[in-house]
Amino acid sequence: MNKSLNRKTLILISLVLLAAAAFQFISVNTKYFDYAMSIRAPKLTVMLITAFCIGSASIVFQTLINNVIVTPCLLGMNSLYILIHTLVVFALGSGSVLVTNKNISFAIDLALMVSASMLIYGLLFKKTKRNILYILLSGTVMATMFTSITSTLQRVMDPNEFATLQNALVASFHKVNSGIIFFALVLILMVIYLLRKELTLLDIIQLGKAKAINLGVDYDRVVRKLLLGVAVFISIATAMVGPISFLGLIIANLSRQMFKTYRHSYLIAGATLTGMAVLLAGQTLIEHVFNFNVNISVFINTGGGLYFMYLLLKSRRTIR
């Protein structure tokens, strides 16, 4: 079993390396090699970070919810990101330093989303008597509320400001801010370190609350910390590139279908590597085939929607 899983992991690693090489070196003029690398290397790094954050967060979230057709975007982080940017442009204008300075914008996005996650979901976890399904429902309700407020503000916004805002709200790797990469990596390593013990318990958490408690796991504390970790990872990915709603659903389920194991070390690695391959291959096609005329989020959301329908139909057939 382990040999089969290791072989699949090595295949995915090989695909990622091939996709990374293609993205980095296709159509590079040797005269401007250093300049091309200075542009492509930050993009490559951001795509790898994004895939890791979304892939690992999606696997953990599905385990906590005990449902493989949900995504962390149900926590409302995507909607909160859009609301934050809409409020800033509506109140201060698109020429504000909070919009034009990417470092400040990233810091504000991340601080507000992480603070909201810790406040809202930490508080809800206590108020709902640690019922994670209530938290999921609350996240969906808050996402709807954020979307409604955003729509209202955008309707009364200046058309020119609205056009500028729309461009900023589409997930894209065309213009990445290399200045935030180091900070994002430090934050990711901090979260992993703080949750290192809880992450080792995912295989047991997957058995259900009653069995996990019988095996000596402090279930409520572990789930609360992991849920906050998921929210932080999604906040990092969203603040870096914008909302990519369906990426987590796609790569998490592809990982589960490929590896067919309960061991989260393989599932998380599979989701992360699949996400890297998808983003790298997709961005390569967009830059060299479609000439930057579309954004990668278009393909991900379209493919994710179709894949979601497939999963629903598949689960329906299984129930029958």
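Analyst: S27, which follows helix α1, has a positive phi, near 60°. The model is a predicted one. Helix α1 itself covers residues 2–25. Its 24 residues reach 34 Å from the first C-alpha to the last, close to the 34 Å expected at 1.5 Å a residue.

The buried residues of α1 are L5, T9, L12, V16, A19, A20, F23 and Q24. Among the elements that cover them are α2 (33–65), α13 (247–259) and α14 (264–288).

F25 and F33 form a stacked aromatic pair, one of 4 aromatic pairs in the count. The ring centres of F25 and F33 are 6.3 Å apart, with 5° between the planes. F25 has a relative accessibility of 47% and therefore counts as partly exposed. F33 is partly exposed as well, because its relative accessibility is 34%.

Two of the helices that cover α1, namely α2 and α14, are also linked by a salt bridge between K43 and E287. The closest N and O atoms of this pair are 3.0 Å apart. K43 lies in helix α2 and E287 in helix α14, so the bridge links distant parts of the chain, 244 residues apart. K43 has a relative accessible area of 6%, so this lysine is buried. E287 counts as buried too, because its relative accessibility is 8%.

The whole structure holds 5 salt bridges. Another of them pairs E198 with K225, the closest N and O atoms being 3.2 Å apart. E198 belongs to helix α9 (residues 196–199) and K225 to helix α12 (residues 219–241), so the bridge ties together parts that are 27 residues apart in sequence.

Salt bridges with shared partners join E198, D218, R221 and K225 into one network.

I181, A184, L187, I188 and V191 are buried in α8. Down the helix axis, the buried residues fall within an arc of 130°, so they line one face of α8. The face turned away from that buried side carries the exposed residues F182, L189, Y193 and L194.

F106 is in helix α5 (residues 102–127) and F183 in helix α8, and the pair links distant parts of the chain, 77 residues apart. F106 is buried, with a relative accessible area of 4%, while F183 counts as partly exposed at 44%. The other contact is at Y193: R196 lies over the face of its ring, at 4.1 Å from the ring centre.

Methods:
Residues numbered from 1 in each chain as written. Predicted model: local features only at pLDDT ≥ 70, side-chain atom pairs only at ≥ 80, totals over all residues. Heavy atoms only, no water. Helix = DSSP H or I, 4+ residues; strand = E, 2+ residues; numbered from the N terminus. Expected span 1.5 Å × (residues − 1). Buried < 20%, exposed > 50% of the residue type's maximum accessible area, 1.4 Å probe, protein only. Contact = heavy atoms within 4.5 Å. Salt bridge = Lys/Arg side-chain N within 4 Å of Asp/Glu carboxyl O. Arc of directions from axis to C-beta. Phe/Tyr/Trp six-rings, centres within 6.5 Å; stacked < 30°, edge-to-face > 60°. Lys NZ or Arg CZ within 6 Å of the ring centre and 35° of its normal.
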